[in-house]
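This report covers a pair of packed helices and some residues of interest elsewhere in the chain. Please keep the sequence and the model at hand while reading.

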Amino acid sequence: MPPAAPPLPPGRTIDLPGRGQTFARIAEGPAGAPTLLLLHGWTANADLNWFRCFAPLSRRFNVVAIDHRGHGRGIRTHRPFSLSDCADDAAALVRELGLTSVIAVGYSMGGPIAQLLWRRHPDLVDGLVLCATSRNFGRSVPERAMFTGLLGLSGVAKLTPGALRRQVAGRIFGSSFEQSPLGAWLADELKRNDPSTVLQAGWSIGRFSSADWIGSVDVPTAVVVTTQDRVVSPRRQLRLAESIPGAEVIRVAGDHGVCVMDPGRFVPALLDGCSRVARRAPTIAV
């Protein structure tokens with residue numbers, strides 16, 4: 001019997017014409033509320049990244065959360081992983097659901113995807129909330145280790161899928177994740193990932209840079225900075241905020257996995273960021 005999952009909003013498989021099948025959680029909020037499009041981080045899926053956030057967010061917003069390619073129940077394809085494809089998948093999901101615009105909320109890898117969604121589909125994005133993320137990655141030694149495959153692709157390729165999952169989860173959620181009450185569920189969810197695609201995703205994150213164009217962002221933006229982050233340097237997160245005209249900074253005293261490991265700190269900051277952006281964004285038709 002699979003481990004018991006925490007409370008989650010309804011989810012369903014959705015066909016994105018010409019792209020493939022993905023999975024999304026959809027939580028209805030108050031009538032007429034803006035819609036948040038939640039974009040998860042590397043090696044996670046929508047449930048793992050956002051399960052602590054679904055209920056509090058849906059009290060104020062409509063919420064949609066997608067599984068990215070190769071992660072969770074996201075699209076499976078022989079096409080090499082790219083962050084641009086993930087952004088286009090997200091845009092296709094928004095249109096398939098009949099939405100006209102969203103506030104894109106990106107965590108870690110979801111940050112570049114949110115940035116690319118704004119750049120490639122500006123008509124769909126009324127605001128950005130960027131969490132524990134950056135304009136670019138793979139510059140420092142810890143970042144290179146993380147975003148090009150932990151110990152390097154050649155070393156990781158020798159690991160079994162189970163060992164790979166444990167190493168990645170330990171780096172992001174901390175060494176205590178297996179002993180936590182939700183550890184069995186977390187470990188079970190990680191089994192949904194395609195290891196090869198996850199490695200490709202790490203390589204893609206390491207090569208990403210929006211430094212040349214992020215200053216053109218013209219929608220309200222909040223940057224949630226994880227000030228004790230050992231994966232994405234807080235200094236790099238602040239540079240992202242400084243690069244975006246009018247971006248507001250919200251600080252959270254936590255490491256990269258704070259969204260799961262310390263929701264008491266993270267969730268209020270996320271709500272604050274989403275609310276600030278929503279107040280400044282145009283009215284969103286849903």
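## Overall composition

The model is predicted. Its protein chain holds 12 helices and eight strands. Of the 286 residues in the chain, 57% are buried.

Contacts between residues at least 6 apart in sequence were also sorted by separation, and 77% of them join residues at least 24 apart.

## Helix α3

Helix α3 covers residues 83-96. From the first C-alpha to the last, its 14 residues reach 20 Å, which is close to the 20 Å expected at 1.5 Å a residue.

Because 11 of its 14 residues are buried, α3 is largely enclosed by the rest of the structure. The buried set consists of L83, D85, C86, A87, D88, D89, A90, A91, A92, L93 and V94. Three aspartates, D85, D88 and D89, are therefore in the buried set, given that buried means under 20% relative accessible area. Just after the helix, G98 has a positive phi of about 75 degrees.

## Helix α4 and its surroundings

Helix α4 spans residues 110-120. Nine of its 11 residues are buried, and the helix is mostly covered. Those buried are G110, G111, P112, I113, A114, Q115, L116, L117 and W118.

Both helices and strands take part in covering these residues: the elements include α3, α10 (234-243), β3 (35-39), β5 (102-107) and β6 (125-131).

## Packing of α3 against α4

The two helices pack at an angle of about 65 degrees, and their axes are 8 Å apart. At that angle α3 is roughly perpendicular to α4. The crossing is right-handed.

On the α3 side, the contact is made by L83, S84, C86, A87, D88, A90 and A91. On the α4 side, P112, I113, L116, L117 and R120 take part. By class, the contact has nine nonpolar residues, one polar residue and two charged residues. An α-helix has 3.6 residues a turn, so residues three or four places apart point the same way. Contact residues with such a spacing include L83, C86 and A90 in α3, and P112 and L116 in α4.

## Loop residues with positive phi

Which residue in the loop between β5 and α4 is considered here? That residue is S108, and its phi is near 55 degrees, a positive value in a residue other than glycine. S108 counts as buried because its relative accessibility is 4%.

A132 lies in the loop between β6 and α5 (141-147). A132 is not a glycine either, yet its phi is positive, at about 50 degrees. With a relative accessibility of 1%, A132 counts as buried.

## P56 in helix α2

P56 is placed in helix α2, which runs over residues 54-58. Its relative accessibility is 13%, so P56 counts as buried.

Leaving aside residues up to four places away in sequence, P56 touches V267 and L271. The C-alpha atoms of P56 and G29 are 10.0 Å apart in space, while the two residues are 27 residues apart in sequence.

Terms used
Residues are numbered from 1 along each chain as its sequence is written. This is a predicted model: local features need pLDDT of at least 70, side-chain atom pairs count only at pLDDT 80 or more; totals for chains, interfaces and linings use all residues. Side-chain values use heavy atoms; hydrogens and water are left out. Axes are lines fitted to C-alpha atoms, for helices over the stretch in contact, and angles run from 0 to 180 degrees between N-to-C directions. Helices (H or I, at least four residues) and strands (E, at least two) are DSSP runs, numbered from the N terminus. Angles under 35 degrees count as roughly parallel, over 145 as roughly antiparallel, 65 to 115 as roughly perpendicular and the rest as oblique. A crossing is left-handed if the near helix is turned anticlockwise from the far one by less than a right angle, and right-handed if clockwise. Contact means heavy atoms within 4.5 Å. Ala, Val, Leu, Ile, Met, Phe, Trp, Tyr, Cys and Pro count as nonpolar, Asp, Glu, Lys and Arg as charged, and the others, Gly among them, as polar. The expected span of a helix is 1.5 Å times one less than its number of residues. Buried means under 20% relative accessible area, exposed over 50%, partly exposed in between (1.4 Å probe, protein chains only).
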